[in-house]
Amino acid sequence: MSEGISTKRLVSRLALLVVGMFGFGFLLVPIYDVMCDAFGINGKTRGTAYEGTVSAIDETRSVRVQFVSTNAEGMNWSFGPAANQLVMHPGETREMIFTAYNPTDKPMVAQAIPSVSPSKAAAYFHKTECFCFTQQVLQPGERVEMPVRFIVDAALPGEVQRLTLAYTLFDVTERMAASLDLASMQHSN
Amino acid sequence: MSAVIDHHHADHGHGPAKGLMRWVLTTNHKDIGSMYLWFSFAMFLLGGSMAMIIRAELFQPGLQLVQPEFFNQMTTSHGLIMVFGAVMPAFVGLANWMIPLMIGAPDMALPRMNNFSFWLLPAAFGLLISTLFMEGGGPNFGWTFYAPLSTTYAPPSVTFFIFAIHLAGISSIMGAINIIATILNLRAPGMTLMKMPLFVWTWLITAFLLIAVMPVLAGAVTMMLMDIHFGTSFFNAAGGGDPVMFQHIFWFFGHPEVYIMILPAFGTVSMIIPAFARKPLFGYTSMVYATGAIAFLSFAVWAHHMFTVGIPLTGELFFMYATMLIAVPTGVKVFNWVSTMFRGSLTFEAPMLFSVAFVILFTIGGFSGLMLAMAPADFQYHDTYFVVAHFHYVLVPGAIFGIFASAYYWLPKWTGHMYDEVLAKTHFWMSFIGMNLAFFPMHFVGLAGMPRRIPDYNMMFANFNMVSSIGAFMFGATQLLFLYIVIKCIRGGPKAAAKPWEGAEGLEWTVPSPAPYHTFTTPPEVK
């Protein structure tokens with residue numbers, strides 16, 4: 001009848017499998033990040049400054065870099081680049097200034113999330129300096145100019161002649177309220 | 001075999017307890033199976049009423065009956081209730097009733113857990129349905145509950161929805177563990193794995209799928225809960241998370257889930273067609289391996305639900321070809337069913353009608369699935385009524401016709417009476433015509449670009465939508481006839497023999513009809 005293992009052992013093994021699969025669901029989160037990072041997919045760029053060596057400038061071709069800014073739902077800052085696009089040679093280091101203005105009467109914290117398309121270009125877009133590496137705290141009515149300095153790798157595949165750097169600006173004031181004492185900042189103003 | 005019947009006589013007086021507590025406290029697989037089936041039928045009528053509201057609103061273009069906010073709650077609740085409340089519990093109910101009878105076991109391996117897994121369901125769905133009456137309404141983000149719709153922009157009741165999914169998930173995991181333990185450890189002597197009826201085989205594989213993916217779903221809703229209440233950012237880009245990741249995790253569960261809903265139907269149809277063709281099933285072994293192959297492949301195709309989110313070209317190619325590969329084992333099954341019928345002595349009683357319709361209409365749903373699997377074409381079809389037509393063709397004449405076929409096939413065993421064949425055939429033809437009227441035009445409006453989940457539509461879709469609604473009302477009303485047929489069959493009718501179907505095979509037909517409260521307390525010999 002029961003040629004195999006006892007019901008008790010079978011059930012505990014199956015229960016272990018359930019717990020394991022529950023853990024696997026959470027393991028999918030780091031796996032997802034690692035995969036996106038390893039294959040440079042999903043348009044994700046690195047969250048830290050590029051410290052690699054600067055390659056030789058490839059003057060035989062040029063790339064058009066376009067800038068897009070979006071406010072996430074509920075964000076009412078005015079936020080945008082100084083120019084919509086620039087043309088550069090791969091290997092060059094260039095800079096673009098983004099301006100943010102807090103029109104409200106409350107200090108607010110914002111986080112910009114970058115995304116590069118086409119997504120396969122993300123791995124070749126290096127930022128040596130970016131306001132997206134940190135969060136921005138703006139006092140009521142404050143305006144700030146924020147630079148992003150970047151290199152397009154000379155190894156960029158030849159068929160990519162145009163790439164878009166898109167920023168989405170999120171309001172993270174509530175999220176940061178616990179760690180940042182906004183009230184005291186208001187007083188020091 | 002005679003030993004079994006003798007035993008039944010010795011067993012008189014050990015019937016069920018009396019009164020309501022019989023049902024609350026029962027550990028009997030037949031009682032629990034009946035409760036599962038009644039519960040799922042109640043959910044089927046509730047989810048169906050929501051579909052009626054949806055189709056009534058879509059009867060004409062413009063907004064007539066309900067507001068868009070309520071329409072969203074109806075599409076969401078219809079999907080959730082039909083998937084988790086109607087189809088899945090119906091198959092667990094059939095498994096409870098039939099698996100012990102088919103393998104010669106006295107009961108399920110874990111009868112008390114069986115009771116608990118059933119009683120979690122009314123709690124789960126009570127919770128889910130209660131959200132419709134809360135401030136801000138019930139879930140309105142689609143049954144796929146994509147973040148951030150289901151997190152940042154969700155109504156406050158989403159927390160109740162999350163706990164309802166947790167409870168329903170725990171219930172199906174416990175049910176699956178119970179079924180695996182029963183099949184692996186309680187088979188009668190001589191019942192080797194490759195002698196098991198196909199319903200038992202498909203349920204064994206389904207149970208492993210459930211154990212593998214329901215915990216992942218539980219993980220996904222737990223992450224939502226943490227994003228909403230505990231400040232984490234699994235799916236929130238502002239905090240470093242990614243909403244697209246939700247879709248990956250959801251469909252890692254969701255694709256095996258659609259096979260969880262169809263594999264047991266493959267099993268019952270593989271038993272019913274041979275019975276009414278009076279021929280053994282063609283290609284039993286290939287059926288078992290095909291089921292295994294479908295289950296295995298179901299883990300490698302999830303991203304075909306999300307071709308349009310911007311996955312890399314190599315990814316689209318991989319998921320496209322992997323998806324098309326599933327057509328091979330599914331084709332094996334369809335050819336086996338057709339070969340079983342070929343040159344058989346066919347008769348068309350209600351179970352056979354539903355099974356033959358299953359083979360034809362499920363294949364149509366499979367073909368539209370192949371069309372959707374083509375990544376470049378999917379960009380046109382994505383989120384249109386073509387998708388709605390596709391999955392209703394695999395779920396209504398697939399899963400639900402499979403359940404109806406099983407119900408008519410085993411009703412004589414359950415009740416001891418024959419059902420009314422004329423009414424049952426009426427039920428079949430009304431369902432068949434109604435369901436095709438409702439869902440076939442959706443292919444056309446979908447290809448023409450009508451988006452799903454929207455309460456209003458372009459004037460040019462008006463005629464097809466009216467036909468769809470009429471078909472849906474016809475299909476919906478016919479299910480009340482099914483309720484009447486079942487009640488009539490329970491209350492009386494011609495006495496059913498132990499084996500009412502001439503060509504039927506299996507241990508369940510060796511016990512009298514109705515099946516006594518306790519069966520196979522002494523295991524039968526299987527040669």
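This is a predicted model: local features need pLDDT of at least 70, side-chain atom pairs count only at pLDDT 80 or more; totals for chains, interfaces and linings use all residues.
**Close-up 1. Strand pairing in chain A.** Two strands count as paired when DSSP finds at least two bridges between them. Strand β8 of chain A covers residues 143-152, and nine bridges join β4(A) to β8(A). The two strands run antiparallel. To find your place along this pair, look for R94(A), which stands opposite F150(A) in β8(A).

**Close-up 2. The other neighbour of β4 in chain A.** Here we turn to β2(A), which is joined by four bridges to β4, the strand of residues 93-101 in chain A. These two strands also run antiparallel. Which residue of β4(A) is the bridge partner of G80(A)? The partner is T99(A).

**Close-up 3. The whole sheet in chain A.** Now step back to see how the strands line up: four of them form an open sheet in the order β2-β4-β8-β6 of chain A, with antiparallel pairing. Which strands sit at the edges? They are β2 (78-81) and β6 (125-129) of chain A, each of which pairs on one side only. From one strand to the next, the twist averages 30°.

**Close-up 4. The two domains of chain A.** Chain A is divided into domain 1, residues 1-39, and domain 2, residues 63-188. How far apart do the C-alpha centres of domain 1 and domain 2 of chain A lie? The distance between these centres is 40 Å.

**Close-up 5. A helix pair in chain B.** Two packed helices are described by the angle between their axes and the distance between the axes. In chain B, helix α7 (residues 198-229) packs with helix α8 (residues 243-277) at an angle of about 165°, and their axes are 8 Å apart. Angles over 145 degrees count as roughly antiparallel, so that is how α7(B) and α8(B) are arranged relative to each other. Their crossing is left-handed. In the contact of α7(B) with α8(B), 24 residues are nonpolar, five are polar and one is charged.

**Close-up 6. Where chain B meets chain A.** In this view, 30 residues of chain B are in contact with 29 residues of chain A. On the side of chain B that touches chain A, α6 (158-185), α7 and α8 of chain B each supply at least two residues. Which of the elements gives the most to this side of chain B? It is α7(B), with seven residues. The residues on the side of chain B that touches chain A comprise 23 nonpolar, six polar and one charged.

Note on methods: Residues are numbered from 1 along each chain as its sequence is written. Chains are lettered from A and ligands numbered from 1 in the order in which they are written. Axes are lines fitted to C-alpha atoms, for helices over the stretch in contact, and angles run from 0 to 180 degrees between N-to-C directions. Angles under 35 degrees count as roughly parallel, over 145 as roughly antiparallel, 65 to 115 as roughly perpendicular and the rest as oblique. A crossing is left-handed if the near helix is turned anticlockwise from the far one by less than a right angle, and right-handed if clockwise. Ala, Val, Leu, Ile, Met, Phe, Trp, Tyr, Cys and Pro count as nonpolar, Asp, Glu, Lys and Arg as charged, and the others, Gly among them, as polar. Domain bounds come from an automatic or database domain assignment. Two residues are in contact if their C-beta atoms, placed from the backbone, lie within 7 Å.
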